[in-house]
Amino acid sequence: MKKIIPVLFCILALLITACDSRQSENKERTIDSIMKENNYIIVDVRTKEEYDIGHVKGAINIPYDVINSKDNLAKLDKNKTIVVYCRSGKRSDIAYNTLKDLGYDVFDLGAYESTTLEKE
């Protein structure tokens with residue numbers, strides 16, 4: 001039992017550090033600053049059916065679970081910031097991590113309903 005406590009403490013510390021670095025990254029960059037740069041692609045990572053009901057103006061639809069396919073990656077310019085969003089933030093988080101691991105500059109907008117961007 002005494003050996004488990006330090007291990008759990010280390011795991012907790014790693015999780016807190018990972019969350020803090022992501023939060024500070026999003027605090028330094030805002031969607032407004034990205035939009036002002038005018039060098040971005042907005043990607044709705046929900047299903048086609050969700051996208052068809054309504055989406056952020058100008059967004060393209062690439063579901064999170066197929067975002068790393070060769071055809072879909074061809075739609076994304078590595079010289080642009082890729083802004084991802086979904087319904088609640090869970091799928092956009094997965095897409096964020098996938099694209100980040102592939103070397104893209106990514107910003108996670110989070111939930112569709114809470115965004116202030118113009119919707120279609």
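In the predicted model, Glu-118 and Lys-57 form a salt bridge with a separation of 3.7 Å between the closest N and O atoms; a salt bridge is defined here as a side-chain nitrogen of Lys or Arg within 4 Å of a carboxyl oxygen of Asp or Glu. Glu-118 belongs to the segment after strand 4 (105-111) and Lys-57 to the loop between helix 3 and strand 2 (60-61), so the pair ties together parts that are 61 residues apart in sequence. Glu-118 is exposed, at 53% relative accessibility, whereas Lys-57 is partly exposed, with a relative accessible area of 46%. In this classification, buried denotes under 20% relative accessible area, exposed over 50%, and partly exposed the range in between (1.4 Å probe, protein chains only).

The model is a prediction in which local features need pLDDT of at least 70 and side-chain atom pairs count only at pLDDT 80 or more, while totals for chains, interfaces and linings use all residues. Residues are numbered from 1 along each chain as its sequence is written, and side-chain values use heavy atoms, with hydrogens and water left out.

The structure contains 5 salt bridges. Side chains of opposite charge can pair when their charged atoms come close. One of these bridges joins Glu-50 to Arg-91, with 2.8 Å between the closest N and O atoms. Glu-50 lies in helix 3 (residues 48-53) and Arg-91 in helix 5 (residues 90-101), so this pair ties together parts that are 41 residues apart in sequence. Both Glu-50 and Arg-91 are buried.

A salt bridge also links Asp-44 and Arg-46, whose closest N and O atoms are 2.7 Å apart. Asp-44 is buried, with a relative accessible area of 0%, and Arg-46 is buried as well, with a value of 6%. Arg-46 is located in the loop between strand 1 and helix 3. The 2.7 Å approach to the side chain of Asp-44 is also a polar contact of the Arg-46 side chain; a polar contact is a pair of N or O atoms within 3.5 Å where, within protein, one must be able to donate a hydrogen and the other to accept it, and residues adjacent in sequence count only if both atoms are side-chain atoms. When neighbours within four places in sequence are set aside, the residues in contact with Arg-46 (heavy atoms within 4.5 Å) include Tyr-51, His-55, Asn-61, Tyr-85, Arg-91 and Tyr-112.

The secondary structure of the chain consists of 5 helices and 4 strands, arranged from the N terminus as α-α-β-α-β-α-β-α-β. Helices (H or I, at least four residues) and strands (E, at least two) are DSSP runs, numbered from the N terminus. The 4 strands form an open sheet with parallel pairing and the order 2-1-3-4. Strand 2 and strand 4 are the edge strands, each pairing on one side only. Two strands are taken to pair if DSSP finds at least two bridges between them.

Strand 1 (residues 40-44) pairs with strand 2 in the parallel sense over 2 bridges, and 5 bridges join strand 1 to strand 3, again in parallel. Val-43 stands opposite Ile-60 in strand 2, and its bridge partner in strand 3 is Val-84. Strand 3 and strand 4 are likewise parallel, with 6 bridges between them; here Cys-86 stands opposite Ala-111 in strand 4.

Strand 3 is mostly covered, with 6 of its 6 residues buried. Thr-81, Val-83 and Tyr-85 are buried on one side, and Ile-82, Val-84 and Cys-86 on the other. Helix 5 packs on the sheet, touching strand 3 (81-86) and strand 4, and its direction makes about 155° with that of strand 3. Axes are lines fitted to C-alpha atoms, for helices over the stretch in contact, and angles run from 0 to 180 degrees between N-to-C directions.

Asn-38, in the loop between helix 2 (31-37) and strand 1, has a phi near 55°, a positive value in a residue other than glycine. Most residues other than glycine have a negative phi. Asn-38 is exposed, with a relative accessible area of 61%.

For the chain of 120 residues, the buried fraction is 36%. Of the contacts with a separation of 6 or more, 62% come from residues 24 or more positions apart.
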